[in-house]
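Reader: I would like to learn how to read a model feature by feature. Can you walk me through one?

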Amino acid sequence: MALAATWMIATLFWTFLTVFSTPAVASPTGLLPRSSFTVNNETGTIYVFGSSGSPIEQGPATDGSGTNFNAPAAIWLIFCLTIGIPMALAGIRGWRLTTGVGIGLASSVCTWAAFINSVDSSGVSDLPLTAIIIVFFCCGFALGIFEIARLGGITAIGIAGGLAFGIRIVLLRAGLIISSTELYALNWGIVALCGVIGGLSLIWFQRYGLLFGCASIGTFLAALGIDLIMAKQSGMSMGLRLLFDRNSSHIAYLLTNGYTPNLTTRIIIIASMGLTPILALIQHRLFPGPFTRRPIESDAALAIDFPTAGLNMEPKRATFFVQLWDGAKEKGGTNKHNRFSVV
């Protein structure tokens with residue numbers, strides 16, 4: 001748990017540091033509020049000026065999504081469907097795989113947001129950026145499969161599930177649900193509120209919060225994958241750019257392309273939101289067992305098969321790897337295994 005929390009905190013801190021503490025990296029004016037710049041389009045070419053009147057150099061605004069069905073686009077398409085469908089249908093049964101996905105997604109999303117907001121006007125090409133994000137996901141996933149990261153992974157699933165649902169609410173309308181530049185922050189208020197609800201649900205309704213989180217993450221990724229097939233980079237992908245990208249070097253690109261979801265994209269978003277509670281209920285019915293898949297044997301059964309009366313047995317010394325995998329901690333001869341009580 002401590003190691004998982006350290007990883008996520010370090011990733012979030014790095015995101016905050018690169019996005020908000022180094023504005024000179026992105027452009028002379030850094031990360032601008034959406035209402036603090038002016039645009040001149042009289043010549044047919046968009047010129048962006050900061051509040052001081054100085055021009056802001058604009059770049060290609062690459063974000064790793066690729067174009068049409070080229071290599072980066074294909075990677076994201078396969079990634080979304082490969083992770084999304086199993087999480088939507090059987091995330092509660094995934095155990096270590098599910099906690100791995102939780103920490104992996106948290107790491108990759110923070111990394112993606114940090115990169116697109118901190119690069120300069122020349123940007124980073126799609127394929128290297130995609131590779132970097134996938135590496136961060138793999139590192140987070142590798143950490144999340146260990147027992148020591150179980151609680152951190154479960155927490156990440158709950159929060160990410162809420163955020164995934166809130167993001168879809170924001171993406172329902174052209175220019176985001178609240179399109180006014182002055183009220184742009186309210187979009188993130190909606191997303192943050194959903195994330196907080198998803199995280200707090202694990203405290204009072206552990207199993208149901210985890211079920212909803214798994215289904216919400218799964219339906220979001222599956223919807224994004226399907227939308228990449230139907231609308232390519234002009235659908236949900238563009239909406240995510242408009243929501244996450246605050247880089248002042250990308251203003252011209254965002255204004256030129258905009259986010260105007262077609263009917264197909266809106267149907268996909270609404271359908272994925274409607275399927276979320278349905279798939280959560282289906283998972284609850286199909287997989288009624290506890291989230292953990294480690295067998296818990298009773299003391300009576302163990303006494304029958306392995307009588308210990310009269311034997312002076314010393315506790316087995318746990319190796320470092322066993323402690324990582326099983327979470328075994330022998331203190332004073334008593335097993336202090338901390339089992340998350342999801343039933």
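Predicted model: local features only at pLDDT ≥ 70, side-chain atom pairs only at ≥ 80, totals over all residues.

Reader: Start with charge pairs. What is the general idea, and how many salt bridges does the structure hold?

Author: Side chains of opposite charge can pair when their charged atoms come close. Here there are four salt bridges. One of them joins the side chains of Arg241 and Asp63, at 3.3 Å from N to O. Arg241 lies in helix α9 and Asp63 in the loop between β3 and α3, so this pair ties together parts that are 178 residues apart in sequence.

Reader: Are Arg241 and Asp63 buried or exposed?

Author: Arg241 is buried, and Asp63 is buried too. For Arg241 the relative accessible area is 2%. The cut-off for buried is under 20%, so Arg241 passes.

Reader: Which other residue forms a salt bridge with Arg241?

Author: Asp245 does, with the closest N and O atoms 3.1 Å apart. Asp245 is buried, at a relative accessible area of 0%. Through shared partners, salt bridges join Asp63, Arg241 and Asp245 into one network.

Reader: And what is the N to O distance in the salt bridge between Glu147 and Arg150?

Author: It is 2.5 Å between the side chains of Glu147 and Arg150. Both of these residues are buried.

Reader: Now the helix that carries Arg241. How many residues of α9 are buried?

Author: To read cover, count the buried residues, then ask what lies over them. In α9, nine of nine residues are buried, so the helix is mostly covered. Among them are Met236, Gly239, Arg241 and Phe244.

Reader: What covers the buried residues of α9?

Author: The cover includes α4, α6, α7, α8, α10 and α11. Helix α9 itself runs over residues 236-244.

Reader: Take one member. How accessible is Leu200, which lies in α7?

Author: Leu200 is partly exposed, with a relative accessible area of 38%. Patch members need over 30%, so Leu200 qualifies on area.

Reader: Ser201 is also in helix α7. Is Ser201 buried or exposed?

Author: Ser201 counts as buried, at 17% relative accessibility. Set aside its neighbours within four places in sequence, and Ser201 is in contact with Gln206 and Gly209.

Reader: Next, records. Which residues does the UniProt annotation "transmembrane region" cover?

Author: Read the record, then check the model beside it. The unreviewed UniProt entry gives residues 73-90, 97-115, 127-146, 153-178, 184-205, 210-231 and 263-282. In the model, the span 97-115 is 100% helix and 0% strand. Its end C-alpha atoms lie 27 Å apart.

Reader: How far apart are the end C-alpha atoms of residues 263-282?

Author: They lie 28 Å apart. This span, too, is 100% helix and 0% strand.

Reader: Last, the backbone. What is phi of Asn68, and where is Asn68 found?

Author: Phi of Asn68 is near 50 degrees, a positive value in a residue other than glycine. Asn68 sits in the loop between β3 and α3. Asn68 is partly exposed, with a relative accessible area of 41%.

Reader: And where is Trp95? Is Trp95 buried or exposed?

Author: Trp95 is in the loop between α3 and α4. Phi of Trp95 is near 50 degrees, again positive in a residue other than glycine. Trp95 is buried, with a relative accessible area of 13%.

Note on methods:
Residues numbered from 1 in each chain as written. Heavy atoms only, no water. Buried < 20%, exposed > 50% of the residue type's maximum accessible area, 1.4 Å probe, protein only. Helix = DSSP H or I, 4+ residues; strand = E, 2+ residues; numbered from the N terminus. Contact = heavy atoms within 4.5 Å. UniProt positions renumbered as here; feature names shortened; annotations may be inferred.
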